[in-house]
Amino acid sequence: MVLAFGEVMLRLTPTNFQRVIQAEEFDATYAGGEANVVCSLSMFGHNTKLITKLPENVLGDKVIRAMNSFGVDTKDILRGKGRLGIYFLEQGFGVRNSNVIYDREYSSISMATKEEFDFDKILKGVKMIHVSGVTPALSSNLYEISVELIKAASQRGILVSYDSNYRSKLWSLEDARKFMLEVLPFVDIVFLGILDFINILEYKVSEEKNLEAKLNTLYNELFEKYPNLKFAACTKRTVKSVNNNSLKGFFFDGKKLTSSRTHHIDILDRVGGGDAFTAGILHGILTNMDSSQIAEFATCASALKHSIKGDINMVDLEQVEVLMNCGIENINR
C-alpha cells in the first residue's frame, strides 16, 4: 500500500487557452500533487491510499468519487469545516507562459489539526508514503503534521518519498529550507533538482561541469550527509516554446547516476508532468526495476502525461512500456 498525504483541489481551466479575464466557461477537474502520484500508481496496478481533509458538502463527495474512480482507498479521509481549495490554470500558448491563480485560503485541509490524525490507523499496512513541500506550506498545523507523519513512518520502517515541489506563491525559500532540513534525516527517496540544491539547500554548484556531472556531485554530497537516503531523482526540461519542450530524467541509486533518453514533446497540458515522473520512479523502485529502466520508465510516463488534459496521468503500464520499447507509433490497431 502506498499512502499520499496532501490537499486535493478543484482546478478550473478557461477553455481554448483563454485567460481568466476573458473566460466565460471553465473545464473542471480535481487533483493535487500528492493525489496525482497515487492515482498514477493505481493506474500502474499498486494499492494506494489518500489522506486529506475535505469539506462536508457535495464538492467533498465529488473528490472522493474522483479518487475512488482510480481505485484509491479513501476510507480514512477526514471531513469537516472549511471549503475545497480552488486553483485557476491559464494555459499558455507560444511565448505566453501558463499561470496559476490560487484560491485556497480556509480550505478544510489547511485548517486540520494534529489531533484529528491517528497515525497508527493511517499507517497500518502501508509500505511507502509520499509527501511534498506543497502541504506543509499551507499552514503551521500542516507543517507540524507533515513532520510528525514522516517521522512516524520512518520509525515504522515505511519508505518515505519526499518531493520538494517548491511553490513560491505558497511559502518562502527560508521556510522551505527549514522544513526540508527537518525531514531529510527521515526520508528514503528524494526528488531534488539543481535549483532545489542552489536555492533551498544553498549548495555551491560548479559552473564548469555539465548537468550530469553537477547532479552526480550534488547527490553524492547529499547522500554522504544523510546516509538514510536510498534514491534521488529529477528531470531536466528544455523549453523551446510553451507548447514544445524536451525532457530528460535522472535517477541516482546511491552510487550511480543514470539518465533517460531525451524526449521531445508537444504539450497539450503540462501540469502534473512532474507528479507523473515521480509516480514512474516510485513504480520502478517498488517493482525492483534496474536503474536505467527506472529513469526511462518515469520519463516516458511524464512525457505521456503532457498529452493528457487535467493533472492526473491517465495511462497504464502497457502505454508507458510501448513508448519505452517501441517509441512513437502511428495508430495502435
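Does H46 count as buried or exposed? In this predicted model, H46 counts as buried because its relative accessibility is 17%, and buried means under 20% relative accessible area. The residue lies in the loop between α1 (33-43) and β4 (48-51), where the side chain of H46 makes a polar contact of 2.7 Å with the side chain of H283.

**Strand β2 and its partners**

Strand β2, which spans residues 9-14, is mostly covered, with six of its six residues buried. M9, R11 and T13 point one way from the strand, while L10, L12 and P14 point the other way, and all are buried. With strand β3 (residues 26-31), β2 pairs in the antiparallel sense over six bridges, and L12 has A28 as its bridge partner in β3. With strand β7 (residues 86-90), β2 pairs in the parallel sense over three bridges, and here R11 stands opposite Y87.

**Aromatic rings**

The count of aromatic pairs comes to 13. One of them joins F5 and F117 in an edge-to-face arrangement, with 5.7 Å from centre to centre and 85° between the planes. This pair links distant parts of the chain, since F5 belongs to strand β1 (residues 2-5) and F117 to the loop between β8 (99-103) and α3 (119-123), 112 residues apart. Another pair is formed by Y162 and F179, whose ring centres are 5.8 Å apart and whose planes stand at 50°, so the pair is tilted. Y162 lies in strand β10 (residues 159-163) and F179 in helix α5 (residues 173-183), 17 residues apart, and this pair too links distant parts of the chain.

| Residue | Relative accessibility | Class |
|---|---|---|
| F5 | 1% | buried |
| F117 | 8% | buried |
| Y162 | 1% | buried |
| F179 | 0% | buried |

Elsewhere, ring pairs link F197, Y203, Y219, F223 and F252 into a cluster. A ring also takes part in a contact with a charge: the charged end of R104 sits over the ring of Y102, at 4.6 Å from the centre of that ring.

Note on methods. Residues numbered from 1 in each chain as written. Predicted model: local features only at pLDDT ≥ 70, side-chain atom pairs only at ≥ 80, totals over all residues. Heavy atoms only, no water. Helix = DSSP H or I, 4+ residues; strand = E, 2+ residues; numbered from the N terminus. Buried < 20%, exposed > 50% of the residue type's maximum accessible area, 1.4 Å probe, protein only. Polar contact = N/O pair within 3.5 Å; in protein donor to acceptor, adjacent residues only side chain to side chain. Pairing = 2+ DSSP bridges. Phe/Tyr/Trp six-rings, centres within 6.5 Å; stacked < 30°, edge-to-face > 60°. Lys NZ or Arg CZ within 6 Å of the ring centre and 35° of its normal.
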